[in-house]
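Subject: Structure for you to look at

Hi,

Here is the structure I promised to pass on. Have a look at it first, then read my notes below.

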Amino acid sequence: MARLLIKTGGLENQTLELRFGTNRVGRDPGCDFPIDHPTVSSNHCELVLSGEGVLIRDCGSTNGTFVNGDPVKEAWLLPGQTVNLGDVELFIESTEVNVAIPKYERERPKPPVVLEGGVILCPRHPQMPVIYKCTHCNEVMCNKCVHVLQRKGGLPLFLCTVCSHKCERIEAVKEVKKKTFIGFLRDTVKIRFRNPIKREKF
């Protein structure tokens with residue numbers, strides 16, 4: 001990160017580690033970097049750190065702001081230059097900007113469950129059968145989790161919920177219906193439930 005080092009006696013080895021954005025420097029204790037010196041104004045200058053570098057801006061100070069001995073109202077700073085706020089000297093060690101971007105990993109769903117009849121259940125909606133498969137990452141999904149893009153004057157486009165690539169419809173699968181207890185007995189014991197009493201015809 002951008003850094004300035006105070007070289008003036010009595011204040012030496014104090015470091016200004018700039019934060020991204022505007023950093024106020026002055027004698028006022030409320031500044032981001034207070035410098036207790038009689039030649040420094042209460043709100044002496046601003047050091048603006050951005051993606052382009054460090055910009056110094058004088059805030060109407062009494063004793064002025066100087067870069068390499070030249071008075072400035074506003075100037076871009078470079079490593080190795082010297083800045084004077086009144087009689088206080090600062091050395092510019094670095095003007096680099098390090099923006100840390102946190103790594104984000106999308107949680108992958110668990111592998112889909114395949115039933116005995118070949119029915120594949122959606123990893124995100126376990127009660128729904130898989131209908132679509134991504135042509136890029138091979139992710140499978142049901143009607144609820146696939147993204148549908150309506151195209152003007154054409155067929156809708158189905159997009160993967162993971163990588164946003166095109167999905168293709170796989171072989172249609174009938175939804176699995178829960179059987180009743182009687183249906184279960186019919187399939188396992190092969191019992192036909194019927195009335196054994198025949199009515200006599202008169």
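Let's start with a term: a residue is called buried if its relative accessible area is under 20%, exposed if over 50%, and partly exposed in between (1.4 Å probe, protein chains only). By that rule Lys 73, at 61% relative accessibility, counts as exposed.

Before the rest, some housekeeping. This is a predicted model, so local features need pLDDT of at least 70 and side-chain atom pairs count only at pLDDT 80 or more, while totals for chains, interfaces and linings use all residues. Residues are numbered from 1 along each chain as its sequence is written, and side-chain values use heavy atoms, with hydrogens and water left out.

pLDDT is the predictor's confidence in each residue, from 0 to 100. The chain averages 81, and 76% of the residues score at least 70. Over residues 172-176 the pLDDT is below 50, and beyond near neighbours in sequence this stretch has seven contacts in the model (a contact means heavy atoms within 4.5 Å).

Now the strands. Helices (H or I, at least four residues) and strands (E, at least two) are DSSP runs, numbered from the N terminus. Two strands pair if DSSP finds at least two bridges between them. Six strands make an open sheet, in the order β2-β1-β11-β10-β7-β8, with antiparallel pairing. Its edge strands are β2 (15-17) and β8, each pairing on one side only. Between β1 and β2 there are three bridges, in the antiparallel sense, and Arg 3 has Glu 17 as its bridge partner in β2.

Elsewhere, β3 (residues 21-26) pairs with β5 over five bridges, again in the antiparallel sense; Val 25 has Cys 45 as its bridge partner in β5. β3 is also joined to β4 by two bridges, and those two strands run parallel. There, Gly 26 stands opposite Pro 34.

On to the charged pairs. A salt bridge is a side-chain nitrogen of Lys or Arg within 4 Å of a carboxyl oxygen of Asp or Glu. How many salt bridges does the structure hold? It has seven, and here are some of them.

One of them joins Arg 3 and Glu 93, 2.7 Å from N to O. Arg 3 sits in β1 (residues 3-6) and Glu 93 in β11 (residues 88-94), so this pair ties together parts that are 90 residues apart in sequence. Arg 3 is partly exposed at 27%, and so is Glu 93 at 36%.

Another pairs Glu 46 with Arg 57, with the closest N and O atoms 3.0 Å apart. Glu 46 is in β5 and Arg 57 in β6 (residues 53-58), so the parts being tied together are eleven residues apart in sequence. Is Glu 46 buried or exposed? At 17% relative accessibility, Glu 46 counts as buried, whereas Arg 57 is partly exposed at 28%.

Then there is Lys 73 with Asp 58, at 4.0 Å from N to O. This pair links distant parts of the chain, 15 residues apart: Lys 73 is in the loop between β8 (70-71) and β9 (74-77), and Asp 58 is in β6. Asp 58 counts as buried, at 12%. Salt bridges that share partners also join Arg 3, Glu 17 and Glu 93 into one network.

Finally, a look at His 37, in the loop between β4 (33-34) and β5 (45-50). His 37 is buried, with a relative accessible area of 17%. Leaving out residues up to four places away in sequence, His 37 touches Leu 11, Arg 27, Asp 87 and Val 88.

Cheers
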